[in-house]
Amino acid sequence: MMGYTINRTEKASDQLHEILQYIAADSGSVEIALSYLGKLERAIMLLCDQPNMGRVPRYLALKRQGYRVLIVERHLVFYKVDDATRTVTIHAVVDGRREYRNLI
């Protein structure tokens, strides 16, 4: 059985780029930032074989829209699964400590 394909919205790609920049600036180390980005990417790639491993979000509006959320340290990866096309689309990657409902 073939796994699911991972797609990313432009917004999610931009958010990952911002996370990388923030961690690099905050830590003073590009290596630390790239290491964390690698951790995020590895977690996202697990969705190829386990697309429903993320939780159902606590906000009803997000739940109703079919989002799932994958928690990677302090970041939340919001995605939707399309079983018909065997695709997982990453819609947003946000800091779980922030109010994220409006960021998705």
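Trainee: How many of the 104 residues of the chain count as buried, as a percentage?
Mentor: Buried means under 20% relative accessible area, exposed over 50%, and partly exposed in between, using a 1.4 Å probe and protein chains only. Here, 39% of the 104 residues are buried. Bear in mind that this is a predicted model, where local features need pLDDT of at least 70, side-chain atom pairs count only at pLDDT 80 or more, and totals for chains, interfaces and linings use all residues. Residues are numbered from 1 along each chain as its sequence is written, and side-chain values use heavy atoms, leaving out hydrogens and water.

Trainee: Which elements does the chain have, and in what order?
Mentor: Helices (H or I, at least four residues) and strands (E, at least two) are DSSP runs, numbered from the N terminus. This chain has three helices and four strands, running β-α-α-α-β-β-β from the N terminus.

Trainee: Where does G28 lie?
Mentor: G28 sits in the loop between α1 (10–27) and α2 (30–45).

Trainee: Is G28 buried or exposed?
Mentor: G28 counts as exposed, because its relative accessibility is 66%.
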